[in-house]
Amino acid sequence: MNHWPTTVAEAEAVQERLRPLVDLTDPGPPVVGLVAGLDVGYAPDRDEVTGAVVVLDETLRIVDQATSREKTKFPYIPGLFAFRELPPLLTALDRLSVTPDLLICDGYGLAHPRRFGLACHLGVLTGLPTIGVAKTAFVGACDDPAPARGSWTPITLGQDTVGRALRTRDHVKPVYVSQGHRVSLDNACAHVLRTTPAFRLPEPIRLADRLSRSRSQIT
DNA sequence: GCGACAG
DNA sequence: ATCTTGTCGC
């Protein structure tokens with residue numbers, strides 16, 4: 001992709017055009033070998049974004065990681081989040097020496113005003129299975145899940161279920177999981193739980209967050 | 001019309 | 001996201 005959207009109308013048009021390419025039917029593999037977590041870090045007073053990808057094997061050991069620090073190409077606009085974070089993430093993915101079986105993104109997938117959040121967008125662009133995991137939910141409505149790890153409640157938008165509020169730790173605020181591309185909601189939640197052995201967030205995302213943050217701080 | 005709004 | 005003191009809870 002050579003041209004990147006500049007205006008809101010242009011970016012929304014891209015989302016409308018790519019949305020039909022999302023595959024929400026393929027349940028994807030219930031168990032995967034290589035899981036990648038992606039996140040973007042920012043440094044104050046700098047017009048830069050630092051993307052990071054960390055790949056873990058089935059035992060949650062790091063097998064590869066890559067980053068990309070570049071000039072910001074789009075402002076932060078709710079609903080158009082992907083146009084800000086996608087560029088450094090795509091570059092970082094290119095720099096990996098392995099191909100992940102699943103990408104866990106920090107943000108929305110289907111749970112998005114136009115049903116095309118970052119996870120869907122990244123899935124369509126890479127062709128890889130993706131899921132979105134957000135720390136807050138402003139799109140759709142859901143009840144608070146039971147306090148035990150593993151319990152969940154549906155996130156509804158209009159008449160549709162667009163994701164789940166999933167408890168990854170006992171008595172800790174849930175995360176908001178939604179389908180990205182080529183992964184069922186059931187499998188998405190299973191992957192999230194399997195990769196979250198200790199903290200609130202899946203280990204791949206936690207490590208990518210740490211990496212992107214440290215790389216963004218380098219002078 | 002105004003504010004809120006993934007990160 | 002990031003800037004930040006104190007504060008609340010375990």
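How do the residues lining the largest pocket divide into nonpolar, polar and charged? I looked this up in the model, which is a predicted one. I found 12 nonpolar, 6 polar and 2 charged residues in that lining.

**Entry: the largest pocket**

I noted a volume of about 400 Å³ for this pocket. I then looked up its lining, which has 20 residues. Tyr76, Phe81, Gly107, Tyr108 and Thr136 lie nearest the pocket's centre.

**Entry: the second largest pocket**

Here I found about 160 Å³ of space. I listed the lining: Leu90, Leu93, Asp94, Leu96, Val98, Thr99, Pro100, Thr126 and Leu128. By class, I have 6 nonpolar, 2 polar and 1 charged. Which element gives the largest share of this lining? I found helix H2, residues 82–94, with 3 residues.

**Entry: the largest nonpolar core**

I turned to the core next. The largest nonpolar core has 31 residues. Leu38, Val53, Phe83, Leu86, Leu93, Leu103 and Leu122 touch the most other members. I checked which elements give two or more residues to this core: helix H1 (8–18), strand S1 (35–41), strand S2 (48–56), H2, strand S4 (102–106) and helix H3 (118–126). H2 provides the largest share of the core, 7 residues.

Setting aside neighbours within four places in sequence, I found Leu86 in contact with Trp4, Leu118, His121, Leu122 and Leu125.

**Entry: another core**

I also found another core, of 17 residues, lying apart from the largest one. Among its members I noted Leu102, Ile104, Val177 and Val192.

How values were computed: Residues numbered from 1 in each chain as written. Chains lettered and ligands numbered in written order. Predicted model: local features only at pLDDT ≥ 70, side-chain atom pairs only at ≥ 80, totals over all residues. Heavy atoms only, no water. 1 Å grid on protein atoms, 1.4 Å probe; cavity = no way out; pocket = protein on both sides within 12 Å on 5 of 7 lines; lining within 4 Å. Points joined across faces, edges and corners; volume = space filled by probe spheres on them. Nonpolar A, V, L, I, M, F, W, Y, C, P; charged D, E, K, R; others polar. Helix = DSSP H or I, 4+ residues; strand = E, 2+ residues; numbered from the N terminus. Core = buried A, V, L, I, M, F, W, Y, C linked by side-chain atoms within 4.5 Å. Buried < 20%, exposed > 50% of the residue type's maximum accessible area, 1.4 Å probe, protein only. Contact = heavy atoms within 4.5 Å.
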